[in-house]
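Please keep the structure in view while reading.

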Amino acid sequence: MDKQNIIKAANLLLESRLNKTLIKSLPNKCIPSNINEAYLIQNELKKLYLNLNNNQIIGKKIGCTNLEAQKQLNIETPFYGNLFSNFSNDNGCILKSKDFANPYFEPEFSFRINQDIDISKAPFNLEQIKEFIKSTIVSIEIVDFRFEGEINKIGIFNIIASNGGSEYWIKGKKETDIKDINLENHKVEVNVNDKIIHNGNSSNVLGNPIKSLLWIINHLSEKNEAILNNYLISTGTCTPAVKLNKNDKISVNFENIEIIKFEYI
């Protein structure tokens, strides 16, 4: 795909985001045919997002961190997108349905990075990765795919191109030392309108969310992309994605850490 079509694809994705509309399909010459083209479009989209008023990258999100999701999208590894300051908020916020097209939410564990990581020393192992973690934060990712149709028909390349499907991110207010949490077995309870609809676990994220962090740091290091001090990395969902409907009241209990609440009006 030439540069002109990469830029055109990114602009169409931005337009759909700002107008809260869904795309049936990108023009033929703008459809990513492989993972490299998908990330090239995502990178152009990132530049467009950063041109929005006072918008900054605050970290990364990781998707497809369980075998079932990978099988559904015919991919053997996770993928990533970017988290932005203008598209994030804190526990207790209110989201407006007019700002989204067809959103779902996912409860996730996130990590705050404590240094500019020297990527020349990659690949890292799990114990080395732990040394890069300042704190653990519970969070909610809002995914809102820019395309019409079922996720398996949208396809992994379109999802990656559209910032990994990530539209918004809600973080908890408490920051916890990883030594105080058993991330191989931490319960997560999802309530919608005062009804329990899912019981999840941190183990659903590659067995341990730190393994998801390991993947992205090593992967970005291979691409010579910096991982900076204070970056927030959201590691993938602990439960199936849950569709949001207008007037939903959401409460997600990350057992003994924090309950994240938000409304979708």
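## The second largest pocket

In this predicted model, the second largest pocket is lined by Arg-17, Leu-18, Lys-20, Asn-86, Phe-87, Ile-94, Leu-95, Lys-96, Asp-99, Phe-100, Glu-167 and Tyr-168. Its volume is about 180 Å³. Helix H1 (3–19), S4 and S7 each contribute at least two residues to this lining. Sorted by class, the lining residues of the second largest pocket are 6 nonpolar, 1 polar and 5 charged.

One of these lining residues, Asp-99, also takes part in a salt bridge with Lys-98, with an N to O distance of 3.4 Å. Asp-99 has a relative accessible area of 32% and is partly exposed. Lys-98, at 60%, is exposed.

## The largest pocket

The largest pocket holds about 770 Å³ of space. Its lining is made up of 34 residues, and those nearest the centre are Ala-69, Gln-72, Glu-106, Ile-151 and Ala-241. Two or more lining residues come from each of S1, helix H3 (67–73), S5, S6, helix H5 (151–154) and strand S10 (232–237). H3 provides the largest share, 4 residues.

By class, 16 residues of the lining of the largest pocket are nonpolar, 11 are polar and 7 are charged.

## The cavity

The structure has 1 cavity of 30 Å³ or more. The volume of the largest cavity is about 40 Å³. Which residues line the largest cavity? They are Arg-17, Asn-82, Leu-83, Phe-84, Phe-87, Asn-163, Ser-166, Glu-167, Tyr-168 and Trp-169.

Strand S2 (79–84) and S7 each give at least two residues to the lining of the largest cavity. S7 gives the most, with 4 residues. The lining of the largest cavity divides into 5 nonpolar, 3 polar and 2 charged residues. Arg-17, Phe-87, Glu-167 and Tyr-168 are among the residues that line both the largest cavity and the second largest pocket.

## Salt bridges

The count of salt bridges is 10. In one of them, Lys-61 pairs with Glu-141, and the closest N and O atoms are 3.1 Å apart. This pair connects distant parts of the chain: Lys-61 belongs to strand S1 (residues 57–63) and Glu-141 to strand S6 (residues 133–143), 80 residues apart. Both Lys-61 and Glu-141 are buried.

Glu-175 and Arg-112 form another salt bridge, at 2.7 Å from N to O. Here too, distant parts of the chain are linked: Glu-175 is in the loop between strand S7 (166–171) and S8, while Arg-112 is in strand S5 (residues 104–113), 63 residues apart.

## A sheet of five strands

An open sheet contains 5 strands in the order S4-S13-S12-S8-S9, and the pairing is mixed. Why is one side of S4 and of S9 left without a neighbour in the sheet? Strand S4 (94–95) and strand S9 (195–201) are at the edges and each has a single partner strand, so one side of each has no neighbour there.

Strand S8 (residues 187–192) pairs with S9 in the antiparallel sense over 6 bridges. Within this pairing, Val-188 has Gly-200 in S9 as its bridge partner.

Definitions and conventions:
Residues numbered from 1 in each chain as written. Predicted model: local features only at pLDDT ≥ 70, side-chain atom pairs only at ≥ 80, totals over all residues. Heavy atoms only, no water. Pairing = 2+ DSSP bridges. Salt bridge = Lys/Arg side-chain N within 4 Å of Asp/Glu carboxyl O. Buried < 20%, exposed > 50% of the residue type's maximum accessible area, 1.4 Å probe, protein only. 1 Å grid on protein atoms, 1.4 Å probe; cavity = no way out; pocket = protein on both sides within 12 Å on 5 of 7 lines; lining within 4 Å. Points joined across faces, edges and corners; volume = space filled by probe spheres on them. Nonpolar A, V, L, I, M, F, W, Y, C, P; charged D, E, K, R; others polar.
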